[in-house]
Amino acid sequence: MALDLGMAQISQMAFGYWQAQALFAAVRTGVFDALAEGSLTVEKAAAACALPEDSALRLLDACVALRLLTRSGDGEYANTPHAQRLLVEESAESVTRWVKVMARWYEPWGGITQALQDGQPVEERRLRLGDDEEYAADFILGMHEYNSRTAAALAQLVPQQGAGTLVDVGGGAGTYSIAFCGQWPGLTGEVIDLQAVLPLTERTVARAGLDDRIRVRAGDYYTDRFGSAVDVVLLSNVLHQESPEAALDILCRAREALSETGRVLVHGHFLDETRTAPLFTTLHNLSALALWDGGRSYTVTEMAELMRRAGLTDVEVVQAPEASAKLLVGTVGTPPGSDGSHERA
């Protein structure tokens, strides 16, 4: 029988979430942590994960099929090397918190049809950092796990140009402040985020040995000012959560915070001008609808125009380390509102 490639594609997509759910379940039930010290029988693994033995057997066998576990001839299960490295919580390279966040985001994704019909986030499942301490910790530290893998490479793309101060708006764990301080001699940073986030920021900054160069400040980026005479304002993976109107307002206040030679850096995943690529960003655009009120993926042209409307000039576009990401750098231009052409939306 001839292979129907079209049907193969459709079936692969339709079953795709099965793999994700198996990964999420294994992380949430502690399978990889249970096997961190060595192989176990299904009976011992089930007890360690507080699962019925039959349930554990099904999950463990699925993880073997997914190449996350191995099973020996005598029936003992063990982590594969990459599972040991990435999915054990105590590993230096662990991304388990990030996986837990992706598992939480699956719930709003399950309501994407309703979100599309309403043009609104999945209201009853909307996730807010201030409402759930466990989710806040997983989100902030999980994004640190994920983004710290490329943050230093991003900082290397930007010349210091004498910059001595950086304000990291919505900076979470301080991932990018840490990276920029690591690349730029003498730089001092300030991370602005919600009060509930800041203890996590302080912990991460201290672990990096940079608590003498990076401070934290409680702030709401919807309303607060970002400082004055700042050399660099960083907006990394922030504006895709916001409507064009909210993004413009944030950019205007970023522009107002700059020194005479200051720069605003906007980092994130952008659609190309056809809006049909990269694939990740097209799906990210759907995810933003399900998760955030007004959130969306922007094209580079759309974001550069918002930056110009905020009074930033000479917007430069740099390919970021992530394949679907860009870094836009805008410099000080005409102050917003000075000639009526840069008023906030």
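Is His284 buried or exposed? With a relative accessibility of 12%, His284 counts as buried, because buried means under 20% relative accessible area, exposed means over 50%, and partly exposed is in between (1.4 Å probe, protein chains only). Keep in mind that this is a predicted model, where local features need pLDDT of at least 70 and side-chain atom pairs count only at pLDDT 80 or more, while totals for chains, interfaces and linings use all residues. Residues are numbered from 1 along each chain as its sequence is written, and side-chain values use heavy atoms, with hydrogens and water left out.

**His284 and its surroundings**

- You'll find His284 in helix α13 (residues 279–291); helices (H or I, at least four residues) and strands (E, at least two) are DSSP runs, numbered from the N terminus.
- Leaving aside residues up to four places away in sequence, His284 touches His240, Trp292 and Ser297, where contact means heavy atoms within 4.5 Å.

**The cavity**

- There is 1 cavity of 30 Å³ or more in the structure. On a 1 Å grid over the protein atoms alone, a cavity is a set of points where a 1.4 Å probe fits but cannot get out, and a pocket is an open set with protein on both sides within 12 Å along at least five of seven lines.
- The largest cavity holds about 60 Å³ of space; grid points are joined across faces, edges and corners, and a volume is the space filled by probe spheres set on the points.
- Among the residues lining the largest cavity are Asn237, His240, Phe270, Tyr298 and Met303, and lining residues have an atom within 4 Å of a point.
- Strand β7 (residues 258–269) gives the largest share of that lining, 4 residues.
- Sorted by class, the lining of the largest cavity has 6 nonpolar, 5 polar and no charged residues. Here Ala, Val, Leu, Ile, Met, Phe, Trp, Tyr, Cys and Pro count as nonpolar, Asp, Glu, Lys and Arg as charged, and the others, Gly among them, as polar.

**The second largest pocket**

- The second largest pocket has a volume of about 440 Å³.
- Its lining has 17 residues, and the closest to the pocket's centre are Ala92, Ser94, His144, Glu145 and Arg207.
- The elements giving two or more residues to this lining are α6 (96–109), α8 and α11.
- By class, the lining of the second largest pocket splits into 3 nonpolar, 6 polar and 8 charged residues.

**Where α8 meets α11**

- Helix α8 (residues 133–147) and helix α11 (residues 198–207) have axes that come within 10 Å and cross at roughly 35°. Axes are lines fitted to C-alpha atoms, for helices over the stretch in contact, and angles run from 0 to 180 degrees between N-to-C directions.
- On the α8 side, Ala136, Ala137, Ile140, Leu141 and His144 meet Leu200, Arg203 and Thr204 in α11.
- Those contact residues of α8 and α11 divide into 5 nonpolar, 2 polar and 1 charged.

- Asn237 is not a glycine, yet Asn237 has a positive phi of about 50°. Asn237 sits in the loop between β6 (230–236) and α12 (244–256), and Asn237 is buried, with a relative accessible area of 17%.
- Asp314 also isn't a glycine, and the phi of Asp314 is positive, near 50°. Asp314 lies in strand β8 (residues 312–319) and counts as exposed at 64% relative accessibility.
- From Ala277 to Pro278 the peptide bond is cis, with omega near -10°, and Pro278 is in the loop between β7 and α13.
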